[in-house]
Amino acid sequence: MDTIKQRTYPIINIILKYTKFSKPHIIFPILLVGSLFTILLSTGQFPPIEKFLVYCLILVPAYTGALAIDDYFDYKSDVINTRKKPIVTGDVSPRNALIFGNTIILICGIVSSYVFGMRGFLVVLYMTAYLYFFCYVGNKIQIPFISQIMTVTATNLLSVISPWL
């Protein structure tokens with residue numbers, strides 16, 4: 001029996017390597033449900049569905065970019081503790097992970113400024129500064145799970161401030 005060779009597409013393989021930074025098991029329950037709950041608590045009502053969908057389209061990639069930056073800072077501890085992350089496995093270089101994370105967050109900032117105005121861009125900029133600070137500090141002082149907690153907190157800042165956008 002002849003085996004059929006599967007054709008591989010290099011661009012698809014590259015995209016799949018970078019999607020390993022996203023964590024769907026965290027994005028949906030923690031970020032999306034948590035964001036909806038935060039918006040509901042701060043405004044007292046559910047957000048319009050179209051605004052919430054746009055918000056999610058900004059939040060999910062921003063979180064993926066934040067995870068790439070977090071993996072960049074946690075590389076040394078990930079080599080010891082977790083061998084499945086894209087930087088540790090060699091799928092993505094640390095430099096490319098940092099470039100990817102910053103590019104995704106920049107694109108999210110531009111989209112956020114288009115949708116929510118300059119305040120939306122400033123929230124993403126603040127989120128990025130917050131993320132870098134706590135990933136760096138968490139890595140230097142070695143507090144367990146601090147960078148993961150700060151990554152989730154940084155990406156949820158938009159839901160806290162979104163009623164005022």
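Is Lys85 buried or exposed, and what is its relative accessible area? In this predicted model, Lys85 is buried, because its relative accessible area of 13% falls under the 20% cut-off.

**View 1. The salt bridge between Asp71 and Lys85.** The structure holds one salt bridge, in which the side chains of Asp71 and Lys85 meet with a separation of 3.3 Å from N to O. The pair links distant parts of the chain, with Asp71 placed in helix α3 (residues 49-73) and Lys85 in the loop between α4 (75-81) and α5 (86-89), 14 residues apart.

View 2. An α-helix has 3.6 residues a turn, so residues three or four places apart point the same way. Just after α6, Gly117 takes a positive phi of about 90°.

**View 3. Cys135 in helix α7.** Cys135 lies in helix α7, which covers residues 118-141. With a relative accessibility of 0%, Cys135 counts as buried, since the cut-off for that class is under 20%. The C-alpha atom of Cys135 is separated by 8.0 Å from that of Asp74, although the two residues are 61 residues apart along the chain.

**View 4. The whole chain, as context for the close-ups.** The protein has eight helices and zero strands, and from the N terminus on its elements run α-α-α-α-α-α-α-α. Of the 165 residues in the protein, 36% are buried. Among the contacts between residues at least 6 apart in sequence, 70% join residues at least 24 apart. The protein exposes about 10300 Å², of which carbon and sulfur atoms supply 69%.

Methods: Residues are numbered from 1 along each chain as its sequence is written. This is a predicted model: local features need pLDDT of at least 70, side-chain atom pairs count only at pLDDT 80 or more; totals for chains, interfaces and linings use all residues. Side-chain values use heavy atoms; hydrogens and water are left out. Helices (H or I, at least four residues) and strands (E, at least two) are DSSP runs, numbered from the N terminus. Buried means under 20% relative accessible area, exposed over 50%, partly exposed in between (1.4 Å probe, protein chains only). A salt bridge is a side-chain nitrogen of Lys or Arg within 4 Å of a carboxyl oxygen of Asp or Glu. Contact means heavy atoms within 4.5 Å. Accessible areas come from the Shrake-Rupley method with a 1.4 Å probe; for residues, only the protein chains shown count as cover.
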